[in-house]
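Here is a short briefing on one protein structure. Please look at the sequence and the 3D view before reading on.

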Amino acid sequence: MAQLTYRQAVAAALAQEMERDPRVVMLGEDISSGGVFKTTLGLRERFGERRVRDTPISEQAIVGAAMGAAMAGLRPVAEIMFSDFYATCWDQVVNEIAKARYMTGGQLSLPLVIRGANGGGLGFGSQHSQAAENWAMCVPGLKIVSPAHPADMLGLLAAAIRDDDPVLVFEHKALYGGKADCPDGEHVVPLGQAALRRTGNDMTLIGLGLTAGTCERAADTLAGHGVAADVLDLRTLVPLDAAAVLASVRRTGRIVIVEENPGQLGWGASIAALVAEEAFHHLVAPVARVSGGNVPLPVAAPLEAEVSVSPERVVAAALGLLRPAPAGSISAPGLI
């Protein structure tokens, strides 16, 4: 086992797949020098300028070139420096890349990855802190990955590069410095498989990316209250491991869904709907959701913290599910 930071795991996955497959190429702003988050350090020196290409400051150019490269038989990995900037190339992603296989009747596939920094917590402000995975979840034809740990960053990015369909990989910028053990040798984690980080019979906590760790910290606190929680890290939104979600909820009877996005139309709403449709009669309490504030994220740290998800908010929501229902209230479970 080797200790890698989350950002080093990105570079390790890219190197692993570029070594394995000469068709893998990289496109992005300043990636030859490691990029603004130092996730591509050393790759230009190792694989050369033909396979690690700096681009103009144009997300439309980056994504358009990646699409053309994939059509021509390469397996490009395009970097969008901040996921907020998907807004500038969304037409190519949504109306071209996501639909190419369908529009050609399966004659054309686009084996490409678009990756980059996502989410808040570092005071980058409203235009550089958004968690944008929700934007993509409602677009048929895109797969969505959001790793929470270095080993998953390594394995899931490798799987995304090998996939024959377009995959968006959201790397949480607040996790880049975290370090953990990663397997030696080739490492691939299949898309569409959630990871059960903790086990408990009292409730289920569900997170993705940054909030998977938030759920783990909340579970530690809940254990001090005598509450044992499942912690389920989704790892991918598309494909979604619905079976793992339902298996946990059917066993625990309670669920808290924790997402960084604003709650309106968040991915947590999809999980809540899934549970309501498929496991309603196993619930002993309403579905609870903890989400980011429905505001542009502030730069000031105290204000950003005020509207961000925290372990304390998760604990409060979880303990609320364990309190007896008020006298005269409806006892049947339901959604918030």
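The model is predicted. Its largest nonpolar core holds 40 residues.

**Nonpolar cores**

- Within the largest nonpolar core, the residues that touch the most other members are I114, L234, V245, I255, I271 and V275.
- At least two residues of this core come from each of α3 (59-71), α4 (90-97), β7 (167-172), α9 (242-252), β13 (255-262) and α10 (267-278).
- Helix α10 gives the largest share, five residues.
- Leaving aside residues up to four places away in sequence, V245 touches I206, L232, L234, I271, L274 and V275.
- Another core, of 36 residues, lies apart from this one, and A9, V52, A117 and A159 are among its members.

**Helices α3 and α4**

- The axes of α3 and α4 cross at roughly 25 degrees and come within 8 Å.
- Angles under 35 degrees count as roughly parallel, so α3 is roughly parallel to α4.
- On the α3 side the contact is made by Q60, V63, G64 and M67, and on the α4 side by Q92, V93, E96 and I97.
- Sorted by class, the residues in the contact of α3 with α4 are four nonpolar, three polar and one charged.

**Helices α8 and α12**

- Helix α8 (residues 210-224) packs with helix α12 (residues 311-322) at an angle of about 55 degrees, and their axes are 8 Å apart.
- The two helices α8 and α12 are therefore oblique to each other.
- The crossing in which α8 passes α12 is right-handed.
- From α8, the contact uses T214, R217, A218, T221 and L222, while α12 supplies P311, V314, V315, A318 and L319.
- By class, the contact of α8 with α12 has seven nonpolar residues, two polar and one charged.

**Backbone details**

- Most peptide bonds are trans, and most residues other than glycine have a negative phi.
- The peptide bond that joins V238 and P239 is cis, with omega about -5 degrees.
- P239 is found in the loop between β12 (236-238) and α9.
- R235 is not glycine, yet its phi is positive, near 65 degrees.
- R235 sits in the loop between β11 (229-233) and β12, and it is buried, with a relative accessible area of 10%.
- L265 also has a positive phi, near 60 degrees.
- L265 belongs to the loop between β13 and α10, and it is exposed, with a relative accessible area of 81%.

Key:
Residues numbered from 1 in each chain as written. Predicted model: local features only at pLDDT ≥ 70, side-chain atom pairs only at ≥ 80, totals over all residues. Heavy atoms only, no water. Core = buried A, V, L, I, M, F, W, Y, C linked by side-chain atoms within 4.5 Å. Buried < 20%, exposed > 50% of the residue type's maximum accessible area, 1.4 Å probe, protein only. Helix = DSSP H or I, 4+ residues; strand = E, 2+ residues; numbered from the N terminus. Contact = heavy atoms within 4.5 Å. Axes fitted to C-alpha atoms, helices over the stretch in contact; angles between N-to-C directions. Parallel < 35°, antiparallel > 145°, perpendicular 65-115°, else oblique. Nonpolar A, V, L, I, M, F, W, Y, C, P; charged D, E, K, R; others polar. Left-handed = near helix turned anticlockwise from the far one by under 90°.
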